[in-house]
Every structure is written in C-alpha cells, then in structure tokens.
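Hi there,

Here is the structure I promised to pass on. Have a look at it first, and then read on for what turned up.

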Amino acid sequence: MIDLSFNKKNKKLYLDAFHRARGAKILPFASYAMPINYPSGIISEHLHTRKFASLFDITHMGQAFLRGKKASHFMESLVPGNIISLSPQKMKYTMLTNDRGGIIDDIMITNLGEYLF
C-alpha cells in the first residue's frame, strides 16, 4: 500500500520550486511531493501541450538495468510493446502489466545495446 500522507520522508522533485512558483497543487504520491495540476486547469494544460510543448517531470521515477541474452524477450512478456526489435539508442513508451494484462504503471524502455534501461 502507498502511504499518501505528507511527512518528513516526502521527497521533493528537482523541479519542485518550478511547480510551486506556478501554483501547482501538490499532493503526496509514492513518497514524493508531486504536482497534480495547475490553476489554469487540465484542459488548458492539454491544449498548451498540443499547441506548444510541456515538461513531464520524471525525477520521481525509478531506474533499472536489465541485462542478459533474453532481456528484451523477458521485457516484452511484461509490456504490450515491441521490445525485441527496438533499435539501439531508441526508447519505447509503454505500460508495465500484471499477469492478467492490467496496467501497473507506465514505463519507458531504452535499448542501450548491451542492456535495456
């Protein structure tokens, strides 16, 4: 279970001051103080992203290396994305799934040649 209460253990993102300066609503999530949305509203955020660009602060996300001859085959068994033919230095944004095909979370997988990141 994820503890959603604020406490001394809540870590700040690298862009915490940026988010707060723009009035982001901050809530606890997975031990981080996370920006949830901004005063302009989610539709305004969506339209801005489509017309210009937006940042997605990923500093709260975990990182792992997966090595071995069948690393891409194993990873492809966990996600609904083509990882086996992912070219070196390319990334795939997909979903990490459970054994019933339900979504656990989103994931970015990068082929770094010798291993997946």
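To get you started: is Leu15 buried, partly exposed or exposed? Its relative accessible area is 31%, so Leu15 counts as partly exposed. Please keep in mind that this is a predicted model.

You can find Leu15 in the loop between strand S1 (11-12) and helix H1 (16-21). Leu15 also belongs to a nonpolar patch on the surface, together with Tyr14, Phe18 and Leu55. The accessible area of these four residues together is about 480 Å².

Now for the rings. Searching the whole structure gives two aromatic pairs. In one of them, the ring centres of Phe65 and Tyr115 are 5.1 Å apart and the planes meet at 75°. An angle over 60 degrees counts as edge-to-face, so that is the label for the pair of Phe65 and Tyr115. Phe65 sits in the loop between helix H2 (42-51) and strand S4 (66-67), while Tyr115 is in strand S7 (residues 115-116). The pair therefore ties together parts that are 50 residues apart in sequence.

The other pair is Phe65 with Phe117, and here the centres are 5.0 Å apart. Because the planes of Phe65 and Phe117 are at 45°, this pair is tilted. Phe117 lies in the segment after S7, and Phe65 in the loop between H2 and S4, so this pair ties together parts 52 residues apart in sequence.

Put together, the ring pairs link Phe65, Tyr115 and Phe117 into a cluster. Tyr115 is partly exposed at 23%, and Phe117 is partly exposed at 32%.

One last stop is Ile36, which you will find in strand S3 (residues 32-37). What does Ile36 touch, leaving aside its neighbours within four places in sequence? The contacts of Ile36 are then Lys25 and Leu27. Ile36 has a relative accessibility of 46%, so it counts as partly exposed.

Enjoy exploring!

Best wishes

Conventions
Residues are numbered from 1 along each chain as its sequence is written. This is a predicted model: local features need pLDDT of at least 70, side-chain atom pairs count only at pLDDT 80 or more; totals for chains, interfaces and linings use all residues. Side-chain values use heavy atoms; hydrogens and water are left out. Rings of Phe, Tyr and Trp (its six-membered ring) pair if their centres lie within 6.5 Å; planes under 30 degrees apart count as stacked, over 60 as edge-to-face and the rest as tilted. Helices (H or I, at least four residues) and strands (E, at least two) are DSSP runs, numbered from the N terminus. Buried means under 20% relative accessible area, exposed over 50%, partly exposed in between (1.4 Å probe, protein chains only). Patches are made of residues with over 30% relative accessible area and no salt bridge: like charges are joined within 9 Å, nonpolar side chains (Val, Leu, Ile, Met, Phe, Trp, Tyr) within 5 Å. Accessible areas come from the Shrake-Rupley method with a 1.4 Å probe; for residues, only the protein chains shown count as cover. A salt bridge is a side-chain nitrogen of Lys or Arg within 4 Å of a carboxyl oxygen of Asp or Glu. Contact means heavy atoms within 4.5 Å.
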